[in-house]
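I opened the model today to look at how its parts pack against each other. My notes follow the order in which I looked things up.

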Number of protein chains: 2
Amino acid sequence: MPELRQDPVNGRWVIIASERGRRPTDFDTAPAVESNGFCPFCPGNESVTPDTTHVIHDDADQWQLRVFPNKFPVLEVEGDADRSGEGVYDRMNGLGAHEVIVETRSHDEQLTDLSLDQIGQVIRAYQARYIDLKRDFRFRYILIFKNHGEAAGSSLAHSHSQLIALPVIPKRVHEELVGAKRHYDFKERCIFCDILRQELEDGRRVVLENEGFAALSPYAARFPFETWILPKEHQSCFEHLSDEQIEQLARILKNLLVRLRETLNDPPFNFMIHTTPAQDGPNGYYHWHIEVIPKLTKVAGFEWGSGFYVNPTPPEEATTFLREARTEREF
Amino acid sequence: MPELRQDPVNGRWVIIASERGRRPTDFDTAPAVESNGFCPFCPGNESVTPDTTHVIHDDADQWQLRVFPNKFPVLEVEGDADRSGEGVYDRMNGLGAHEVIVETRSHDEQLTDLSLDQIGQVIRAYQARYIDLKRDFRFRYILIFKNHGEAAGSSLAHSHSQLIALPVIPKRVHEELVGAKRHYDFKERCIFCDILRQELEDGRRVVLENEGFAALSPYAARFPFETWILPKEHQSCFEHLSDEQIEQLARILKNLLVRLRETLNDPPFNFMIHTTPAQDGPNGYYHWHIEVIPKLTKVAGFEWGSGFYVNPTPPEEATTFLREARTEREF
């Protein structure tokens, strides 16, 4: 079973994937994306992946979207956390869930190519799996994310997203929760709502907006062309998305991804959904959102050593480029 | 002037390098490492780099090591911080220093190839520049780091390290300071001293040790083959290194880098020195150290979204591989 270990100084948790036990030569240069022509996510190869936890069929009764446990999970679903100490150290079992959302049956279509209906189905699949997994009280946080392109860590070209359920609240999210709570305790307002109000009035960092959502270049963006999508009305929990919001989110997400593709020549990117911890109820201080980060620059010693980031493209300029991108039609 | 901006939710600072203003097409694929044959760090090309702040000559009066301000600094040395707010946001001028330490006059020798005397001179150069820059009270933290290899963010092949002086204490260091202080307030012991005591007794994660230093695979290593070098006796400030310690550090650093090169086929890597903030005095709770991280895995959506890391090589196994690496001689 994988093991979770905590850094005794800064509290950061690390998953030590003992079973994988990668030896020095395993890191040599084999391309991450499969090249032998076999794709485990393609129609006809369903038997090589675990049983589905969620599936959508089209009118011809062919599957259109499939969700199943990752065959090589970073965390395992059976057992309990079994927290224990070892001198100054803390550890627990690598308990969790790790699922794959195959977004389309077509090997060659990317998320950006899908219809608004299909993108809506992907968001619905995220929501359905989230709601099902949060019933398991062992899971304190559920992270939904997507890696697109090899440089962004994708190991299979067939378009997919992932979901990892964790037995602890991750550090990055914890920091946001603490910061948002501090603001709320002092001002009794959600800091993300304050940011939205200021940005929508100012306009210089608003990439896109529709009735329900805004896409902003964050004021202190870590990466060039980093863009966040937030619901315009306060909403603390991603899983509370209404049908109407799902349709709006599909539109703004597709619009943003098309613009990133046009502006940056199909860049590798990651996106991840940040939301309230799974076992907490709705609240006034946290505001769920999606962070989209194109992978255009390298993270080096300065960034690893300091936690500072150097962003060579001011967010205001990124906004202008994305707004001016030519897209076939408006969404 | 570059601008420092703070994320209003989690407090992270970002350097927005406005002057660089990289446009979308600037990110297309040009190799980072120079390929036109001209090296600004080679002997004969001294006139293209700024004036040296530190230089070591050999017996033939040829320079052997040169330190000078980075020609394309991420922060600028003139002016003041001029902190100001902008609604919910905080910013300041990108005040700081950014220097380059060219470690050898030879274009083809890497740090690992240098003699122990030469590596000692590199450490002495770090120390001299650190002591000089900390006299400027505007600089609250001075980070010394090295990027080796293109994948680790190095843009020039000629062996060099860098130093960046910052007007704020970076988040990663702040977290370590807070964690170390919490331990000290409770136990009146340095947590790094506690870790060293436990590790040296246990032995499973001790890669190397000499009279003054130990090289450990951290219990919760983020990356495969991540290794930390720590002084065995408590020392809070890097700049207090004695002559004897410099000789010991040169030996263990060379030994470790040779073993990483042999074990992992000359991997790209970063190292960075973590020490007490420049304007703070010596203290009982923080213990300076060097973090060496080979760049073998990709950071993807899960890591960016959570701050969790997945390490596929248990630190105990990494230790064994590094210990068993064949090196020409013992140091």
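**Ground rules**

I am working with a predicted model, where local features need pLDDT of at least 70, side-chain atom pairs count only at pLDDT 80 or more, and totals for chains, interfaces and linings use all residues. Residues are numbered from 1 along each chain as its sequence is written, chains are lettered from A and ligands numbered from 1 in the order in which they are written, and side-chain values use heavy atoms, with hydrogens and water left out.

**Entry 1: the two domains of chain A**

Chain A has domain 1 (3–20 + 37–166) and domain 2 (185–324). These bounds come from an automatic or database domain assignment. I find 22 Å between the two domain centres, taken over C-alpha atoms.

Next I checked how they touch. In chain A, 29 residues of domain 1 are in contact with 29 residues of domain 2 (contact means heavy atoms within 4.5 Å). Together the two domains bury about 2700 Å², 61% of it on carbon and sulfur atoms. Buried area here is the accessible area (1.4 Å probe) that two parts lose on being put together, summed over both. Which residues of domain 1 lose the most area to domain 2? They are T112(A), I123(A) and H148(A), together 23% of what that side buries.

I count 3 salt bridges between domain 1 and domain 2 of chain A. A salt bridge is a side-chain nitrogen of Lys or Arg within 4 Å of a carboxyl oxygen of Asp or Glu. I noted the salt bridge of D113(A) with R261(A), whose closest N and O atoms are 2.9 Å apart.

I asked which elements build the domain 1 side. In chain A, α1 (116–133) and β8 (141–148) each supply at least two residues of it. The largest share, 9 residues, comes from α1(A). Helices (H or I, at least four residues) and strands (E, at least two) are DSSP runs, numbered from the N terminus.

**Entry 2: R129(A)**

I stayed on helix α1 of chain A, where R129(A) lies. Is R129(A) buried or exposed? It counts as buried, because its relative accessibility is 7%; buried means under 20% relative accessible area, exposed over 50%, partly exposed in between (1.4 Å probe, protein chains only).

I listed what R129(A) touches beyond four places in sequence: T53(A), H54(A), V67(A), E99(A) and L163(A). E99(A) is 30 residues away along the chain, with 8.9 Å between the C-alpha atoms. The side chains of R129(A) and E99(A) are joined by a polar contact of 2.6 Å. The R129(A) side chain makes another polar contact, at 2.8 Å, with the side chain of D132(A).

**Entry 3: chain B against chain A**

I moved on to the chain pair. Here 93 residues of chain B contact 93 residues of chain A. The buried area is about 8000 Å², and carbon and sulfur atoms give 64% of it.

I count 6 salt bridges across this interface. One of them joins the side chains of R5(A) and E316(B), 3.0 Å from N to O. There are 28 residue pairs in polar contact between the chains, both at pLDDT 80 or more. Helix α2 (residues 171–187) of chain B gives the most to the chain B side, with 7 residues.

**Entry 4: two loop residues of chain B**

F225(B) has phi near 70°, a positive value in a residue other than glycine. F225(B) sits in the loop between β11 (213–216) and β12 (227–231) of chain B. It counts as buried, because its relative accessibility is 2%.

N265(B) also has a positive phi, near 60°. Its loop runs between α4 (243–264) and β13 (269–274) of chain B. N265(B) is exposed, with a relative accessible area of 55%.

Terms used: Polar contact = N/O pair within 3.5 Å; in protein donor to acceptor, adjacent residues only side chain to side chain.
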